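Q: Please walk me through this model, feature by feature. Start with a single residue, then move on to strands and helices.

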Amino acid sequence: MDTTTLDTVVIGAGAAGLRTARLLAERGVDVEIIDGHDRVGDAWRERYRSLRLFTPRRWAEIPGMRMGIRFFDYPTGMQFADYLEQCAAAIGARLRLSTRVERLSLTEDGRFRLALSTAGDVVASHVVIAAGAHERPVLPAFAAALDPAIRALHSLDYRGPEDFAPGPVLVVGAANSGTDIALEAAASGHATTLAGRHPGQVPISIDTPVGNLVSSIFIRRLRGLTLDTERGRRFAVANRGHGVNLVRNHLADLATAGVRQVGRVAGLDGDGRPVLEDGERMDAATVVWCTGSLPDLHWVGIPAAFDGNGDIAHERGLATDVPGLAFVGLPFQYSVASPTLMGMERDAVYVVSHLFEPSRPARSRSAAPVAA
């Protein structure tokens, strides 16, 4: 089996991976990006087609690389996918696409061995994992017992209205993706119910110049909620697993569209039908679980990268007990904005600035753990 030896590998050619690779390239580091998709940006092309980001252009852009939309516009998922592909070409880092890392382990001399889905392995001195914060769907424990006659899918698998079966739609989870999908279901003629805790909302329309500027104030607030502050640590614990404010959609939009809003789904009845906390039985032909997602790191075969609870042990993205290993784009890696386009640049700068240090204190501020 052929083995390629590299200095630094970035796993993931999304926004976090490209930001990291750009910073490494500026330092003269020989870096290669490995990604399982056929094209850069495919992770965004695989999202629901109506997706429009609520990150303003100036916060979504990779520094020095202009996005081809107007200043106050918000890109669609497809536009952002194409933008990332253009950025990858501009950065000039080597890309190995259509290739999954099936196992990451340590060699006897402390380097990293990447077993690839294609022929051959890679051995590297440094590895940055930027494989995405939304790879593994989170489902309630009772989801598997849902009546098989009901069409069920997670928001990660939803593409458009053709995914709904004829009849009523129940969307479980009332954060940004849930409200997007509920509005689309109602617009396509389905009686739609949205179940879940209301996470609060930005009190102004962001799709105006004034709203765009106000959203920047909101973004700075999120970036200020860091693990260096008591307020940030409390926020991380209190909001783990919850959506953070509706940004574009509002309760009034849902009401105008005819979306019925109810409380949490507490479980299933004996026939496998969803039941609310107040005991109401929900009849639905389709259930869309908008119940969150996590990174998928089952392929990281380095026990020292995790703590006793199976969570990533890191200090602002730097693995505390595995020199040369780092992460970018983790949920609450440093701030509530860390897994978002508006927060990952700061984290990438920190990681690249410290990645090549020979040793670091073995301590972790990971107040909001990320499971493998």
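A: Take glutamine 333. Glutamine 333 is buried, at a relative accessible area of 1%. Buried means under 20% relative accessible area, exposed means over 50%, and partly exposed lies in between (1.4 Å probe, protein chains only). Before going on, note that this is a predicted model, where local features need pLDDT of at least 70, side-chain atom pairs count only at pLDDT 80 or more, and totals for chains, interfaces and linings use all residues. Residues are numbered from 1 along each chain as its sequence is written, and side-chain values use heavy atoms, with hydrogens and water left out.

Q: Where is glutamine 333 placed, and what is it in contact with, leaving aside neighbours within four places in sequence?

A: Glutamine 333 lies in the loop between strand 18 (325-327) and helix 9 (344-354). Helices (H or I, at least four residues) and strands (E, at least two) are DSSP runs, numbered from the N terminus. Contact means heavy atoms within 4.5 Å. Beyond neighbours within four places in sequence, glutamine 333 touches Leu227, His314, Arg316, Gly317, Phe327, Val328, Ser338, Asp347 and Val351.

Q: What is the phi of serine 98, and is serine 98 buried or partly exposed?

A: Serine 98 has a positive phi of about 55°, again without being a glycine. Its loop runs between strand 3 (94-96) and strand 4. Serine 98 is partly exposed, with a relative accessible area of 37%.

Q: Which strand holds valine 101, and what does valine 101 contact?

A: Valine 101 belongs to strand 4 (residues 101-106). Valine 101 is buried, at 10% relative accessible area. Leaving aside neighbours within four places in sequence, its contacts are Ile11, Ile34, Leu114, Ala115, Leu116 and Trp299. As for threonine 20, it is 81 residues from valine 101 along the chain, and their C-alpha atoms are separated by 18 Å.

Q: How do I read a sheet, and what is the strand order in the open sheet of five strands?

A: Start with pairing. Two strands pair if DSSP finds at least two bridges between them. Here the order is 8-14-9-10-11, with parallel pairing. Strand 8 (151-154) and strand 11 (260-262) stand at the edges with a single partner strand each, so one side of each has no neighbour in the sheet. From one strand to the next, the twist averages 20°.

Q: How many bridges join strand 8 to strand 14, and how many join strand 9 to strand 10?

A: Strand 8 pairs with strand 14 (residues 286-289) over four bridges, in the parallel sense. Histidine 154 has tryptophan 289 of strand 14 as its bridge partner. Strand 9 and strand 10 (residues 192-195) run parallel and are joined by four bridges. There, valine 169 stands opposite threonine 192 of strand 10.

Q: What covers the picture for the two faces of strand 9?

A: In a regular strand the side chains alternate between the two faces of the sheet. In strand 9 (residues 169-172), Val169 and Val171 are on one side, Leu170 and Val172 on the other, and all are buried. Helix 5 (residues 176-187) lies across strand 9, strand 10 and strand 14, at about 170° to strand 10.

Q: How do I read helix packing, and at what angle do helix 1 and helix 4 cross?

A: Axes are lines fitted to C-alpha atoms, for helices over the stretch in contact, and angles run from 0 to 180 degrees between N-to-C directions. Helix 1 (residues 15-26) and helix 4 (residues 77-91) cross at roughly 20°, and their axes come within 10 Å. That makes helix 1 roughly parallel to helix 4. Angles under 35 degrees count as roughly parallel, over 145 as roughly antiparallel, 65 to 115 as roughly perpendicular, and the rest as oblique. Residues in the contact include Leu18 of helix 1 and Leu84 of helix 4.

Q: How do helix 1 and helix 9 pack?

A: Their axes are 9 Å apart, at an angle of about 40°. Helix 1 and helix 9 are therefore oblique to each other.
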